[in-house]
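Please keep the sequence and the structure in view while reading.

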Amino acid sequence: MARPSMAAILAERGIVLATLAGIPKRDRADVEQQVLANAWNSVRRGMYRPDPKGKPRDALRKWLQGIAWRLASRYLESAYVRRAVLHPSPLGLLHEPVGVDMHAQIEAREVLDAVASLPPWHREALLSVLEHRSARRARRGSGRCSGAQ
């Protein structure tokens, strides 16, 4: 039996789309392209070996449906699909504002602007004091610091 052409594979696109009906519309075209590309690559590698007793078109349709079924299963089991929660305005689902209030954000921006305007040596001195404080606080939390510091 001769190997099918790409035109013959594309002519059976309906069975592929019917198999992919459970895939969300936003991703269906991508999965369909994967099915068609995988089918064509398999044909080129000689992996399409239908039963010579059967009808060629039926064999091709069953084979394409198998490829589509496996790729649809792989898509539906992927971490992307299991964890993706798409909503047009996800922040609208929250019952209260996210993060710090607007006034605190403005104050923080003013402090950052003031620090950015300092000379480099002054910023380095400020950062070293802050690093020392946070290291001391961490030691105090772990019980390694004596009260004499």
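The model is predicted. It holds seven helices and zero strands, so the order of elements from the N terminus on is α-α-α-α-α-α-α. Of the 149 residues in the protein, 19% are buried.

**The protein as a whole**

- The accessible surface of the protein amounts to about 11600 Å², and carbon and sulfur atoms account for 57% of that surface.
- When contacts between residues at least 6 apart in sequence are considered, 65% of them join residues at least 24 apart.

**The pair H3 and H4**

- Helix H3 spans residues 25-44 and helix H4 spans residues 56-77. The two helices pack with their axes 9 Å apart, at an angle of about 130°.
- That angle makes H3 oblique to H4, because an angle counts as roughly antiparallel over 145 degrees and as roughly perpendicular from 65 to 115.
- The crossing of H3 and H4 is right-handed.
- On the H3 side, the contact is made by Arg26, Asp27, Val31, Gln34, Val35, Asn38, Ala39, Ser42 and Val43.
- On the H4 side, the contact is made by Trp63, Leu64, Ile67, Ala68, Leu71 and Tyr75.
- Sorted by class, the residues in the contact of H3 with H4 comprise 10 nonpolar, three polar and two charged ones.

**Residues of helix H3**

- Asp27 lies in helix H3 and belongs to the contact with H4. Asp27 counts as buried because its relative accessibility is 9%, and buried means under 20%.
- Setting aside residues up to four places away in sequence, Asp27 touches Tyr75 and Tyr80. Tyr75 is one of the H4 residues that make the contact between the two helices.
- Glu32 also has its place in helix H3. With a relative accessible area of 8%, Glu32 is buried.
- Beyond its neighbours within four places in sequence, Glu32 is in contact with Arg13, Val16, Leu17 and Leu20.
- Ser42 is located in helix H3 and is among the residues of H3 that meet H4. Its relative accessible area is 14%, so Ser42 is buried.
- Apart from residues up to four places away in sequence, Ser42 touches Met47, Tyr48 and Trp63. Trp63 is one of the residues that H4 brings to its contact with H3.

**A residue of helix H4**

- Ala59 is part of helix H4. Its relative accessibility is 18%, and therefore Ala59 counts as buried.
- Residues up to four places away in sequence aside, Ala59 touches Tyr48 and Pro50. Tyr48 is also touched by Ser42.
- Between Ala59 and Tyr48 there are 9.6 Å in space, C-alpha to C-alpha, and the two are 11 residues apart in sequence.

**A residue before helix H1**

- Ser5 belongs to the segment before helix H1, which covers residues 6-11.
- Ser5 and Val43 stand 38 residues apart in sequence, while their C-alpha atoms are 8.6 Å apart in space. Val43 is one of the H3 residues in the contact with H4.

Note on methods
Residues are numbered from 1 along each chain as its sequence is written. This is a predicted model: local features need pLDDT of at least 70, side-chain atom pairs count only at pLDDT 80 or more; totals for chains, interfaces and linings use all residues. Side-chain values use heavy atoms; hydrogens and water are left out. Axes are lines fitted to C-alpha atoms, for helices over the stretch in contact, and angles run from 0 to 180 degrees between N-to-C directions. Helices (H or I, at least four residues) and strands (E, at least two) are DSSP runs, numbered from the N terminus. Angles under 35 degrees count as roughly parallel, over 145 as roughly antiparallel, 65 to 115 as roughly perpendicular and the rest as oblique. A crossing is left-handed if the near helix is turned anticlockwise from the far one by less than a right angle, and right-handed if clockwise. Contact means heavy atoms within 4.5 Å. Ala, Val, Leu, Ile, Met, Phe, Trp, Tyr, Cys and Pro count as nonpolar, Asp, Glu, Lys and Arg as charged, and the others, Gly among them, as polar. Buried means under 20% relative accessible area, exposed over 50%, partly exposed in between (1.4 Å probe, protein chains only). Accessible areas come from the Shrake-Rupley method with a 1.4 Å probe; for residues, only the protein chains shown count as cover.
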